[in-house]
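Colleague: Could you take me through this one and tell me what stands behind each label you use?
Modeller: Gladly, here it is.

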Amino acid sequence: MKVDIQYRPSNTAAKITLNTGEECTTEAGSMISMSSGLTVETTTHKKGKGSLLKSLKRAFAGESFFLNHYDSTKENSELWISSHLPGDMCEVQLNGVGLVVQSSSFMACSKNIDLDTGWQGFKTLLSGEGLFWLKLSGSGNAVLNSFGSIYCVDVEDEYIVDSGHIVAFEETLNFKISKAGSSWLHSFMGGEGFVCRFQGKGKIWCQSHNPSSFGHSLTPYLRPKKR
């Protein structure tokens with residue numbers, strides 16, 4: 001599975017090239033186009049078998065209830081995918097270190113990566129995020145998307161990220177929800193509120209824009225349609 005990220009950073013699309021016998025899994029509804037050498041199977045979990053419980057958990061995490069599995073019958077078969085919101089995408093290589101992915105940021109992964117949904121506790125609900133996040137494990141490559149540009153940070157000790165700007169992070173990192181300023185009053189007056197304080201050693205992928213904040217900024221301009 002070869003991934004080529006194009007048209008960055010605001011209208012990004014990913015071209016996935018598969019050789020004969022190779023497979024990849026994508027979020028339902030992400031396909032733009034594909035070559036005739038690909039066949040597709042839709043399931044609620046892994047190819048060839050479904051899991052209602054895991055698909056329900058994935059829906060709680062903000063992902064699609066279904067997954068699409070593409071199987072290549074020809075050399076250099078092409079699959080183009082994109083996200084619903086304008087923004088960036090990146091390829092992440094997994095080598096045995098688990099990856100925790102924020103809701104709606106998963107796009108695609110190779111055959112040997114397992115997708116599950118992990119409970120992150122009520123601390124994520126307090127931050128305005130969901131109770132469940134996706135967990136990717138195994139070895140292979142995955143494609144993630146962001147709202148706005150995406151960038152990676154190597155954490156050595158501690159790093160602080162606004163909760164709405166997290167795309168993914170390695171499982172080697174621990175995190176807790178806390179206030180951004182010196183007091184809760186300063187945090188909310190400054191417009192920050194809750195932040196995630198990561199500790200340990202690992203990588204974090206962040207997005208330059210916050211979808212929730214963008215939605216709130218549009219609300220005053222959304223008027224009911226006159227009949």
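Modeller: Let me start with Asn 145, which lies in strand S12; strands are DSSP runs of E, at least two residues, numbered from the N terminus. This is a predicted model, where local features need pLDDT of at least 70, side-chain atom pairs count only at pLDDT 80 or more, and totals for chains, interfaces and linings use all residues. Residues are numbered from 1 along each chain as its sequence is written, and side-chain values use heavy atoms, with hydrogens and water left out.

Colleague: Why is Asn 145 called buried?
Modeller: Its relative accessible area is 9%, and buried means under 20% (exposed is over 50%, partly exposed in between; 1.4 Å probe, protein chains only), so Asn 145 counts as buried.

Colleague: What makes Ser 104 and Asn 145 a polar contact?
Modeller: The backbone oxygen of Ser 104 is 3.1 Å from a polar side-chain atom of Asn 145. The limit for a pair of N or O atoms is 3.5 Å, and within protein one must be able to donate a hydrogen and the other to accept it; residues adjacent in sequence count only if both atoms are side-chain atoms.

Colleague: And why is Val 161 called buried?
Modeller: Val 161 has 5% relative accessibility, so it counts as buried. Val 161 belongs to strand S14 (residues 158-162).

Colleague: Which residues does Val 161 contact, beyond its neighbours within four places in sequence?
Modeller: They are Ile 166, Val 195, Cys 196, Phe 198, Ile 204 and Cys 206, where contact means heavy atoms within 4.5 Å.

Technical notes. Helix = DSSP H or I, 4+ residues; strand = E, 2+ residues; numbered from the N terminus.
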